[in-house]
Amino acid sequence: MREVAILGVGQTQFGELWDRSFREIGIEAGFKALESSKLSSKDLSALYIGNMASGAFIDQEHVGPLVLDYSGLAGHHIPSVRVEAGEASGAMALAQAYLAVASGAYDFVVVGGAEKMTDVPDERGAAIASSTMDQEWERVFGASMASLWGLIARRHMIDHGTKREEFARLSVLDHENGSKNPLAHFRNKITLEQVLGANPVAEPLGMLDCAPSSDGAAALVLGPLETARKYTDTPIRISASQIATDFVALMHRRSITTIDSTVIAAQRAFQQAKTDPSHLRLAEIHDSYSIGGLMALEDLGFYPKGAAGKALSDGAVGTGGKLTINTSGGLKAQGQPFGAVGIAQVAEIVRQLRGEAGPRQVSGPEMGLAHNVGGSGATSIVHILSRVN
Amino acid sequence: MKGNGAGIVSYGTYVPRYRISPDEIGRVWGVDGVAMGKNLNIHSKSVPSPDEDTITISTEALRVAIARGNIDPREIGALYVGSESHPYAVKPTATIVAQAVGATPNLTAADFEFACKAGTAAIQVCMGLVSSGMIKYGVAIGSDTSQGAPGDALEYSASAGGGAFVIGKDHIIAKINATQSYTTDTPDFWRREGQRYPSHGGRFTGEPAYFRHVTECGKGIMKAEGTTPADYQHVVFHQPNGKFPLRAGKMLGFNDDQMRYGMVTPWIGNTYSGAALIGLANVLDHAKPSERILVVGYGSGAGSDAFDVTVTDEISHYDHSIGTPVQKDLEEGISINYSIYAKFRGKIRLSGE
Amino acid sequence: MSVARFWRETLRRYNLGASKCPECQTVFFPPRSVCPQCTVHRKSMTKMEPCQLSGKGEIFSYTTVYEAADGFEMQVPYVLALVKMAEGPVLTGQVVDVDPKEVHEGMPVKATFRKLREDGDSGVIHYGYKFAIVRSPTASK
């Protein structure tokens, strides 16, 4: 297996993009990524697109060739692969594209993630968002996605003494960071009191513990590391790309307060990258619900189980702390276009490692981690990226 | 009609947990609800949750009966559900109940409808099948989630609940000595196909309807059996409100003590097809061996079914600890206001429905 | 939801039909055709034994839902719980007829038969298990 580098990144605005269609945002992200490298579309061996639910959101399946077609590449007849892994579809597409390049099967590929979520009424959107849980044994019985994370949060509080305010802090942190990201869905700052006082959704989670429904797309250009300098001055190495899975339904898992798929994916990723959590100071973590972010800090190995809440309260996580997370604004503030999330997380790490993150730039990071989760934890994907010196 | 050895092997009831008072209903319609409640002798009535209906109530009641009697559901040869609020106009309640208790597929099943006496009619059919030896166990269920039109007098009484009786010949806790019916064409209360709420003939529901049928039927069975009110320790009537059965009892010569356990409507309202059966269940919850019970059901349209019942020694070994005793349902509940009641009963329609 | 899709799960949803691994004796709900505990799948494949849950369990975790799953709007706020059944499996289900403030971890519950959803005013009605609090069975007098 050869080493793989990211040669370019592109991302659209995240948010309610009333005037833009699915294919438009997909194309925009892809072209931006290509333009940021020295490659052109004729150099591409394949296109990968992470997308969770285009069939449900816009009645459109077969989006692989669709995006390729409207990118003007139909005549190239290259493979275009749509990848689905729930809310982890983006990182799953990257993982597949990574393997294709690492194996030598393809040289240059664009891997994108896109979701158009605002073309359906809110209730329908919530129903589609629930489609990554077990439909027959969770949803039929009244479970919403927020309620599954509510069950997790309650049990985390029972087992580990975690306090409601502790996971609420993640939303405050995300909005603080999002305020500095021009592509973020939300750029307003919020206070702890606002999070705690927001309308309840699935207790103990309130409205401001939940990431929004957003439209958006992001894309990366991948190629072999050995020739990367020909196409960009700042290639970023994919040091690890690891996937782990678990039982689909929350009720069947070994534990509901540890996302085992995250633990395993992280262990494999640290092993592949020959590093460990103590060497990482930068991460984009999956916090579709604030409690998920808190648990990710534990399950990725940054904190022992039960210790992340205190770390958040103490300010150990965040700008100026020992670990900086979600400079993009995370899922809560940057937004949550399902299929695009995993790619956008990696795009943000790339910007940080290249020193292109503007007002939210962390000083001198060498490495960064991206963590994308599908469902209530049935799929976790961890990527570790590093600078090429 | 003689019982020919048929009797009650087991029974169970189910009453939804929510309660609303006449006072609260009256508050909404500008009526003195306290006076209305006094007039009807109703302190509160049961209200089903939005996820409860005749099928769920019947199933819960029958599950209790099966567990108490330690009955193998595969030995149930017939299952009939009497109700005037079957959730489907076409598609039996009985098949769903039978499936949910594990009685399928080797049984006959059907839904009965005869206003409030469909459940007692089902007992009579089961008696025939059992005593003839055609089946081992027959299940008769009377269950309803009835509605009165908003503001109508019925709204103060129409409630939800049900009783399930397993009829058989062996190990009976109560022997049905005889049954008798009294049936005429009397249009006192009806609901036309497709209508949401029932209509009634106002005061016509009294003398020519309820009282005539109940008293004639009661007199008829006592005459046939050669008994007098003094021979019975307990009497149970259909109870559309808390007042009619008391009056019917007096007309037939029963005293308050005999009616004590059979009266359940004052606390849970009129459970329609469930009313007489829940009353009988409460009596059986308290009865001792060899006590005699007279049951007289009533259904509008109109008819009465009477049963002459004697409690057996088996009741001493009967497992009352399973399920909820009726008394507990009479004493407990979760009080709700009219707004919640209206939401629960589908009186508030959501957009897009 | 199509009629058949719900109907084929009736045994499980109405009667809590489960399955048991003949090797490790672990009970699974819904029933599985292969045991996830026994690492050699061939040992349990096609050999899983049908069994039935008693319906008794206790609350493992719970949440009060204010933003309903579609079809549950009329019941908001409702309690959703993970219930650890006496036989071992954990089930997801509503806890009915309870003040959310009363609910706590370890609370004994039992399965009860309720409507799960209706396909509009004219479609079929789906039934299945929910959970009710176990209250003392004896009346106060």
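Predicted model: local features only at pLDDT ≥ 70, side-chain atom pairs only at ≥ 80, totals over all residues.
Student: How many bridges join β4(C) to strand β5 of chain C?
Tutor: Residues are numbered from 1 along each chain as its sequence is written, and chains are lettered from A and ligands numbered from 1 in the order in which they are written. Strands (E, at least two residues) and helices (H or I, at least four) are DSSP runs numbered from the N terminus, and two strands pair if DSSP finds at least two bridges between them. Strand β4(C) and β5(C), which covers residues 78-85, run antiparallel, and the number of bridges joining them is eight.

Student: Which residue of β5(C) stands opposite Thr63(C), and which residue of β7(C) stands opposite Glu58(C)?
Tutor: On the β5(C) side, Thr63(C) has Leu80(C) opposite. Strand β4(C) also pairs in the antiparallel sense with β7(C), residues 108-118, over three bridges. There, the residue opposite Glu58(C) is Pro108(C).

Student: How many of the 10 residues of strand β4 of chain C are buried?
Tutor: A residue is called buried under 20% relative accessible area, exposed over 50%, and partly exposed in between, using a 1.4 Å probe and protein chains only. Strand β4(C), residues 56-65, is largely enclosed by the rest of the structure, because the number of its residues that are buried is seven.

Student: What share of the residues in chain C is buried?
Tutor: Chain C comes to three helices and eight strands, and its C-alpha atoms fill a box of roughly 50 × 40 × 30 Å along the principal axes. Of the 141 residues in this chain, the buried share is 48%.

Student: Which two chains share the most contacts?
Tutor: A contact means heavy atoms within 4.5 Å. No contact joins chain A and chain B, whose closest C-alpha atoms lie 12 Å apart. Two pairs of chains are in contact, and the pair sharing the most contacts is chains A and C.

Student: Which strands stand at the edges of the open sheet of chain A?
Tutor: This sheet has 10 strands with mixed pairing, in the order β3-β2-β4-β7-β1-β8-β12-β11-β9-β10. A strand at the edge has a single partner, so one side of it is left without a neighbour in the sheet, and the strands in this position are β3 (80-83) and β10 (324-325) of chain A.

Student: Which residue of β7(A) stands opposite Ile6(A)?
Tutor: Strand β1 (residues 4-11) and strand β7 (residues 216-224) of chain A run antiparallel and are joined by seven bridges. Within this pair, the residue opposite Ile6(A) is Leu222(A).

Student: Is Glu298(A), the salt-bridge partner of Lys305(A), buried or exposed?
Tutor: The closest N and O atoms of Lys305(A) and Glu298(A) are 2.9 Å apart. Lys305(A) has 29% relative accessibility and counts as partly exposed. Glu298(A), at 6% relative accessibility, counts as buried.

Student: How far apart in space are Pro359(A) and Tyr106(A)?
Tutor: Pro359(A) lies in the loop between α13 (338-354) and β11 (367-374) of chain A, and with a relative accessible area of 65% this proline is exposed. Pro359(A) and Tyr106(A) are 253 residues apart in sequence, and their distance in space, C-alpha to C-alpha, is 36 Å.

Methods
Heavy atoms only, no water. Salt bridge = Lys/Arg side-chain N within 4 Å of Asp/Glu carboxyl O.
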